[in-house]
Amino acid sequence: MIELTPLLNKQLKTPLYMQLYQYIKKEIETGGIPPGTLLPPIRHLCEHLQLSKNTVESAYQQLTAEGYTESRPRIGIKVLPLEKTLMPPSQLKNREPKETEQSSAATYDFKYGDIDLSHFPFKTWRRCLQNALDSEDHDLFLYGDHKGDFGLRSELAKYLFQARGVRCVPEQIVICSGTQNAVGLLCQLLSMNGRLVAAENPGYDGVRSVFLNHGCAIQPIGLETDGINLSQLAASRAKLVYITPSHQFPYGMVLPIQKRLKLLEWASRENVYIIEDDYDSEFRYQGRPIPSLKALDKKENVIYLGTFSKSFLPAARLSYIVLPSKLADEFQEKLGRYSQSASPIIQKAVFLFMKEGFFERHIRKMKKVYQEKHKTLISAIKTHFGNDVEIIGEKAGLHILMKTGRRAQDLIHKAEKLGVKVYQVSDFWLEPHESSSSIVMAGFGGLSAAEIEEGISILRKAWLSSSKQER
Ligand SMILES: Cc1ncc(COP(=O)(O)O)c(C=O)c1O
């Protein structure tokens, strides 16, 4: 076992875990710690350097997330050869210490969309990719099925039934390269050019812009404390509605069963299609899991959208549509000549990952990981801010909103000066809206529990000092 004796300085703005991470990273890159070396066990290093467990754990997690090390059960943290890191070594060399970069590396970025990479099973995923490439199936290297890999669609049909109560056959599933690609296809399938789409306001701007670019007009529908306002929706006379019922984006409320049934009744009566975006329903922290809207959809008015971006990796660029059977036939007629946009190789590897049970295991693990981070985030906000900050949307997902009663733009700016990034929400409203001006968004998927804790405590300092100055 090696010893490590870095020079750590508590007085610096860069947190201790980051200093330790940077030290080990540099030693690995310059050959001071050769590949195959086992890093000292966490407990040992804590004692040796008089650091907290969180500090050492966070440094190790960051190294593993970036592929410098891997965690081997019962063996320890092993240094990997440089060619196995996530960034090519040439790039790593170029990354050496610019003053500005060092300070940006020290930031706590509460960015929505980042996920936890330190628990991602890279080794298993690599093996699935390798097994996919070793396949005898030559179609793998060509365009592939235009609706997507049949095996992957079969696995998805099984998964969606078990996890979300969706009953469908693989023929109803279309694999897409992300949610925006899926919505673009639906606009063409449903000939939406020049037509009205009802959408929650605030809502997901990423999808709204796809509708607008396909020539749709958006009818914004307001929210109530329990989700979309059904009276406003009925009055809109739209024939298509886009909604996030299981975790409203960005507010986070869950549409209750009574409202789901009313929405479905209305859609069936008025012959309306509902696009249900079930983007992060795997991660719920309170109450029992709720089935999707699609699970209740007896009359086939719901088009279901899912994505691998939260449950697996955004970089897979894989999502899927479950079409009502009538639309599955129309899809074949109208878009049957479109080539599949997602890579057959990635699809095959994800199929293997699912078939061998790794996906289910990964989700089970990530539920616990995110639950823990979520708990840390909520308790840190309560500890540091008490009643000064209202937390919005804390039941599910990988982000929350913080309502402050002060100008969000100022608070974002103050936080950034101390190295913490939180985000504005104004883009989620169709038109500028006053309630957006005091809310900030904090994603927590990509930060460790220790980083969340430290990030929120710095946020407190940043906001407290600014509120004193303002008085
Ligand atoms: C509401 C909503 N839907 C879907 C997605 C996922 O999009 P994609 O599948 O393109 O990664 C996101 C991600 O940020 C989202 O916020």
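**Helix 6 and helix 13**

I started with how helix 6 passes helix 13, and I found a right-handed crossing. This is a predicted model, so I keep that in mind for every entry below. Helix 6 covers residues 122-133 and helix 13 covers residues 344-355; I read an angle of about 120° between them, with the axes 8 Å apart. Angles of 65 to 115 degrees would count as roughly perpendicular, and this pair is therefore filed as oblique.

Next I listed who makes the contact. From helix 6 I noted Trp125, Cys128, Leu129, Asn131, Ala132 and Leu133. Helix 13 answers with Ile345, Lys348, Ala349, Leu352 and Phe353. Sorted by class, the contact of helix 6 with helix 13 has nine nonpolar residues, one polar and one charged.

**Helix 2 and helix 3**

I then moved to helix 2 (residues 42-49) and helix 3 (residues 53-65), whose axes come within 9 Å and cross at roughly 125°. Helix 2 and helix 3 are therefore oblique to each other. I noted the crossing of helix 2 and helix 3 as right-handed. On the helix 2 side, the contact uses Ile42, Leu45 and Cys46; on the helix 3 side, I wrote down Lys53, Val56, Glu57 and Tyr60. The class count for the contact of helix 2 with helix 3 is five nonpolar, no polar and two charged.

While I was there, I checked the loop between helix 2 and helix 3, where Gln50 lies. Gln50 has a phi near 60°, a positive value in a residue other than glycine. I made a note of it because most residues other than glycine have a negative phi.

**Helix 8 and helix 9**

How do helix 8 and helix 9 pack, and at what angle? I found about 30° between helix 8 (residues 179-189) and helix 9, with their axes 9 Å apart. That makes helix 8 roughly parallel to helix 9, since angles under 35 degrees count that way. The crossing of helix 8 and helix 9 is right-handed. Helix 8 brings Thr179, Gln180, Val183, Gly184 and Cys187 to the contact, and helix 9 brings Gly206, Val207, Val210 and Phe211. I counted the contact of helix 8 with helix 9 by class as five nonpolar, four polar and no charged residues.

**Around the ligand**

Thr179 turned up again when I looked at the ligand. Of the 13 residues around the ligand, Gly178, Thr179, Tyr279, Thr307 and Ser309 come nearest.

**Cis peptide bonds**

Which residues does a cis peptide bond join? I noted Asn201 and Pro202, with omega about 10°. Pro202 is in the loop between strand 5 (196-200) and helix 9 (205-213). I also looked up the bond from Phe249 to Pro250, which is cis with omega near 5°. Pro250 sits in the loop between strand 9 (240-243) and helix 11 (257-270). Both went into the notebook because most peptide bonds are trans.

**The whole chain**

Last, I stepped back to the overall picture. I have 16 helices and 17 strands on the list for the protein. Along its principal axes, the C-alpha trace spans about 70 × 70 × 40 Å. I compared the radius of gyration, 24 Å, with the value near 23 Å that a compact globule of 471 residues would have, and the protein agrees with it.

Terms used:
Residues numbered from 1 in each chain as written. Predicted model: local features only at pLDDT ≥ 70, side-chain atom pairs only at ≥ 80, totals over all residues. Near = placed C-beta within 6 Å. Axes fitted to C-alpha atoms, helices over the stretch in contact; angles between N-to-C directions. Helix = DSSP H or I, 4+ residues; strand = E, 2+ residues; numbered from the N terminus. Parallel < 35°, antiparallel > 145°, perpendicular 65-115°, else oblique. Left-handed = near helix turned anticlockwise from the far one by under 90°. Contact = placed C-beta atoms within 7 Å. Nonpolar A, V, L, I, M, F, W, Y, C, P; charged D, E, K, R; others polar. Rg over C-alpha atoms; globule rule 2.2 N^0.38 Å.
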